[in-house]
Structures are given as structure tokens and as C-alpha cells.
Amino acid sequence: MKFLELLNKTNIIAAHRGARSIAPENTLIALKKSLGRCDFIEIDVQLSRDGAVIVMHDDTLERTTNITEIERFKSRKPYRVCDFTLDELRTLDYGSWFYKDKKHKEPLLTLREALEFIKENNIFLNIEIKDMSGILSDDAAVEAVVKEIKESDASELVLISSFRHEYLKLAKEKLPDVPTAALVENNHPPKLIEYLRELGVNGYNLNSELVDKESVEMLREAGFFVGVYTVNDVKRAKKLFGMGVNCIFSDTLEKKEVGAL
């Protein structure tokens, strides 16, 4: 089954940044603990200073690494991901911030490693490309991600999404068979259906606070799949699926919980 075939279904659960309620987000252990709990995994990617595609949500390193504890990096504030090379990023710990005992360390996860993981475990992956427009060109950002997907031969297992919609047009040009989804947070774009068709996307992923039944019905009738983030309550999930939403992105819900509704 290809990713787009999965997205034609309903009651789909996506593990938001991996199983981030029980493991440090966007790490390999978070991906491993997602297995059996979801239909696909969502991760965030951006580029290091030397162009490596790494898995990281924030554009700075303070929240989810130990960078502030490393003396040689203390002059590198505000610790932007894009200011560090891959080798430098590999020296950091991405796990101890999450654990109470601070003893469990986790290494950096690269997109290439995440793609290898999904191929080995036959699970789908939503790659959200973070907005790097202030750092490098749209084409350079998208091409780096596309290159990893092509070289990993994982195109049938991935979906590309972004809040920077310019990336999605480029991704569709470079990988026409890979599904794409526009991410939105506070407001729908004007003339929504026309806008999405112009982008060439397959889906629309929106904030839970923005979703309503009329919009979902309109989107579904127009042939777009609909995803909603971030949903951590079973009753809310049930209501959304009742509206016709295809999938939800969750930090906590497991597939079996929703299936029991």
C-alpha cells in the first residue's frame, strides 16, 4: 500500500514527532515506540549549517538538547540549528532533557536514518519541512529533502507537508508521485479549494481549533484528505472522525484507543 492509499481511509492516527508522550520527540527511540500505536509517524526536518537534513522541531537547540551544558558552545547563542554542522550536532544529547533521572541519552536522528527505519519496519512517514526561508532558498531546502527520499528509495512510504506552501509546489514538481499536504494554523487561505488545487497538494492539515464540519465536508468533496493536529483526547478524536476527518496527529492516543470507540 502507498501512503496516498492509506490517506483515503478514516480513523487514521499519526504519531506526532514520534511517540513523544513516552519518549523524547523526534528521536529514533520515539519512532521505535510508535510502532503498533499508529498508522504513520510524523517528524520535522531542517538543515544543518553544512546542508545535512536532520530531524528537529525547534529552530534552536535549547529545549531538546543539552547544548547549554557544553562549555565550548556557550558563545554560540541563540543556538540556532542552522549555525551548527552535522558533526557538531552529533555531539549533543537529545534524550536526557525528557527523562526525570537525566540518565538516558539519545543521539541525533537524521532524515536518512528515519527513512531507513521506516523501510525496515514498513511504516509510513510524514516529513514536515520546517520554514527555512530566512536562511536558504526554497529550492535548496526542498532539494535536500528530495535527495534523501530518492536515495533511500522511500517515495512510496512518505508524505511531505509544510507551513511554507512554496515548498509543496516544488516538492510536487520534483517528486510528483509523493503526496503533499498544506499545513495551516490560524486561518484558512482565501478561496481555499482553488488555492489547494493551485498548490497541487493532496491534503490539508489544520489546527484542531480551526476545524469545522462544513470545511471538512467541502474539502473531502473536493478530493482532499483532511488531517487535524494536535489531538490528545479520545472524545475529541471521535468527534473529528465523525465530521469526516481522515486522520489526527496525536502525542498520546494509540490506535487501539480510537478503535475501541
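Reader: What counts as a pocket or a cavity here, and how is a volume defined?

Author: On a 1 Å grid over the protein atoms alone, a cavity is a set of points where a 1.4 Å probe fits but cannot get out, while a pocket is an open set with protein on both sides within 12 Å along at least five of seven lines, and lining residues have an atom within 4 Å of a point. Grid points are joined across faces, edges and corners, and a volume is the space filled by probe spheres set on the points.

Reader: Which residues line the second largest pocket?

Author: Its lining consists of Gln46, His57, Asp58, Asp59, Arg80, Cys82, Lys130, Asp131, Met132, Gly134 and Ile135, which divide into three nonpolar, three polar and five charged. The volume of the second largest pocket is about 160 Å³.

Reader: How many cavities of 30 Å³ or more are there?

Author: The structure holds one cavity of 30 Å³ or more, and about 80 Å³ of space lies in the largest cavity. Among the residues lining that cavity are Glu25, His57, Arg63, Tyr94 and Trp97, and the lining as a whole divides into six nonpolar, four polar and two charged residues.

Reader: Switching to helices, which residues of α8 are buried?

Author: Ser215, Val216 and Leu219 are buried in helix α8, which spans residues 213–221. Buried means under 20% relative accessible area, exposed over 50%, and partly exposed in between (1.4 Å probe, protein chains only).

Reader: Why do they line one face of the helix?

Author: Seen down the axis of α8, the buried residues fall within an arc of 100 degrees, so they line one face; the arc is that of the directions from the helix axis to the C-beta atoms. The face turned away from that buried side carries the exposed residues Glu214 and Glu221.

Reader: What do the buried residues of α8 pack against?

Author: They pack against α7 (192–199), β7 (203–207), β8 (225–229) and α9 (234–243), where contact means heavy atoms within 4.5 Å.

Reader: And what caps the N-terminal end of α8?

Author: Asp212 does, with a side-chain oxygen 3.1 Å from the backbone nitrogen of Glu214. After α8 comes Gly223, whose phi is positive, near 95 degrees.

Reader: Which residues of α9 are buried, then?

Author: In α9 the buried residues are Ala237, Leu240, Phe241 and Met243. They cover an arc of only 150 degrees around the axis, which puts them on the same side of α9. The face turned away from the buried side carries the exposed residues Lys235, Lys238, Lys239 and Gly242. At the start of α9, a side-chain oxygen of Asp233 reaches to within 3.1 Å of the backbone nitrogen of Lys235, and just after α9, Gly244 takes a positive phi of about 110 degrees.

Reader: I noticed Glu88 too; is it buried or exposed?

Author: Glu88, found in helix α3 (residues 86–90), is buried, with a relative accessible area of 15%. A polar contact of 3.2 Å joins the side chains of Glu88 and Arg76. Such a contact is a pair of N or O atoms within 3.5 Å; within protein, one must be able to donate a hydrogen and the other to accept it, and residues adjacent in sequence count only if both atoms are side-chain atoms.

Reader: What should I keep in mind about the numbering and the values?

Author: Residues are numbered from 1 along each chain as its sequence is written, and side-chain values use heavy atoms, with hydrogens and water left out. As the model is predicted, local features need pLDDT of at least 70 and side-chain atom pairs count only at pLDDT 80 or more, whereas totals for chains, interfaces and linings use all residues.

Notes:
Helices (H or I, at least four residues) and strands (E, at least two) are DSSP runs, numbered from the N terminus. Ala, Val, Leu, Ile, Met, Phe, Trp, Tyr, Cys and Pro count as nonpolar, Asp, Glu, Lys and Arg as charged, and the others, Gly among them, as polar.
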